[in-house]
Amino acid sequence: EAKRSGKSRYVIFDDSMRKRVIREMILENDLRKAIENQELVLYYQPIVSLETGTVCCVEALLRWYHPTLGLISPGEFIPIAEDSQQIIELGEWVLREGCRQYAEWSERLGYSAPSMISINLSRKQFICPNLVQMVESTLQEFNLDPKHLQLEVTEDAFASDVNEAIQAMKEIKNIGVKLAIDDFGVGCSSFASLNQFPVDTLKIDRSLVDQVIRTKGMAAMINSLVVLSENLGIMLISEGIEEQDQLTELTKLGCEYGQGFLFAKPLTSEVFEEYLLKQSGASIASTPQLVESN
Ligand code: C2E
Ligand code: MG
Ligand code: MG
Ligand code: MG
C-alpha cells in the first residue's frame, strides 16, 4: 500500500511537471506575438514620500493579457523571455512605452507629474552592448531629459562579472540616466556594492520591510542603510509597504521613500493619473489658507 501511494504521488508530480513544461512552451511561443497583438500593458505604481504621501516617482510594471490564459504575471513570463532571448525586444517595448507615457504626463500634468519614471531591466538587457544607444535614442524620440529616467537592476545582474557591470553602469550614468539597485537585501547583497557601484537609488526588498516590525535586528539594519545612503547621497526606497505599522516604523528609522499596497497597487495609466491628481488635490486642500471656510 505504501508502495502504491508512493507510486501515485510520483505520477501526480510527474503530471504537474509535464503541465508546467507545456505551459512554458505555450507562453514562450505566444510571447513572440504578444507585442504585435498589443497584449502587453504597463501598470504604474507610485513611489511616495513617506512623510507627506506625495508621489515623487513611478515604477512601470509589465503585464501580459494572454488571449486565452488571461493575465500572466511578469514573475512567470519574464524568466521565460530571458531564456528565449525575447527579453531584449520586450525590454525595448517597455522602455519606449514607459517613456512615451511619461512624456505625455509631463506635458499634460506639468508639476503634478512624478519627477522620474523607473523601469526594470533584466540581466541580459543590462549587459547588452547596445543598451545605452537604445536608451539614448528612446529619450530623443520622446524629447525627454535623461534625469527623468531611472533604470532598476537587481544584484544578480552584476554578480558574475563585476568589471563588466561597472562598465555598463558608467555608460548609463554618462548619458545622465539614473540607476537603482532593486530588491536589495536578498541573495548575495553586500554593503560593499554600494560603495563600488555608481548607483543613485537603493530599493530595500519587501522581505526585509516585512521583518522590520518583527525583529529588532532588521530595524537596526534598515537604520544603518538609512545612515549609509545619506552619507553616500543615495535615495533610499522601501518596497512592499503593506501595513500602517511598517510605515510608522520605517518613518521612525528615517527612511524617506517607499512604495507598496498601503499607498497603491500597480495601476493602469488612467487610474494612476486619477491617483496623482487626487494626491496633489489633497495636498492643496490640506494647506490651511487654501481651504474655503464653509
Ligand atoms: P520588482 O521590480 O521588485 O517590482 C515590485 C513587485 O512587487 C511588483 O510585482 C509589485 O506589484 C509588487 N508589490 C508592490 N508593492 C507590494 C506590496 O505592498 N506587497 C506585495 N506583496 N507586493 C508588492 P510584479 O508587478 O508582479 O513584478 C514582479 C517582478 O517582475 C518585478 O519585481 C520585476 O523584477 C519583474 N518585472 C516587472 N516588470 C518588468 C519589466 O518591464 N522588465 C523586467 N525586466 N522585469 C520586470
Ligand atoms: Mg523594480
Ligand atoms: Mg523590487
Ligand atoms: Mg522583484
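A contact is counted here when heavy atoms lie within 4.5 Å. In this predicted model, residues 24 or more positions apart account for 68% of the chain's contacts with a separation of 6 or more. Local features need pLDDT of at least 70 and side-chain atom pairs count only at pLDDT 80 or more, while totals for chains, interfaces and linings use all residues. Residues are numbered from 1 along each chain as its sequence is written, ligands are numbered from 1 in the order in which they are written, and side-chain values use heavy atoms, with hydrogens and water left out.

Turning to the overall fold, the chain holds eleven helices and nine strands (DSSP runs of H or I, at least four residues, and of E, at least two, numbered from the N terminus). Buried residues (under 20% relative accessible area, with exposed over 50% and partly exposed in between; 1.4 Å probe, protein chains only) make up 44% of the 294 residues.

The magnesium ion (ligand 3) is coordinated at 2.0 to 2.4 Å by Asp182 (OD), Asp183 (OD), Glu239 (OE) and Glu239 (OE); donors are N, O and S atoms within 2.8 Å of the metal (3.2 Å for Na, K and Ca), and water is not among the atoms, so sites may look incomplete. Along the chain, these donors follow the spacing D-D-x55-E. Aspartate 183 in strand S6 (residues 178–184) and glutamate 239 in the loop between strand S8 (235–238) and helix H10 (244–252) are 56 residues apart, and the pair links distant parts of the chain. Aspartate 183 is partly exposed, at 27% relative accessible area, whereas glutamate 239 is buried, at 10%. Aspartate 182 also coordinates the magnesium ion (ligand 2), 4.1 Å from the magnesium ion (ligand 3).
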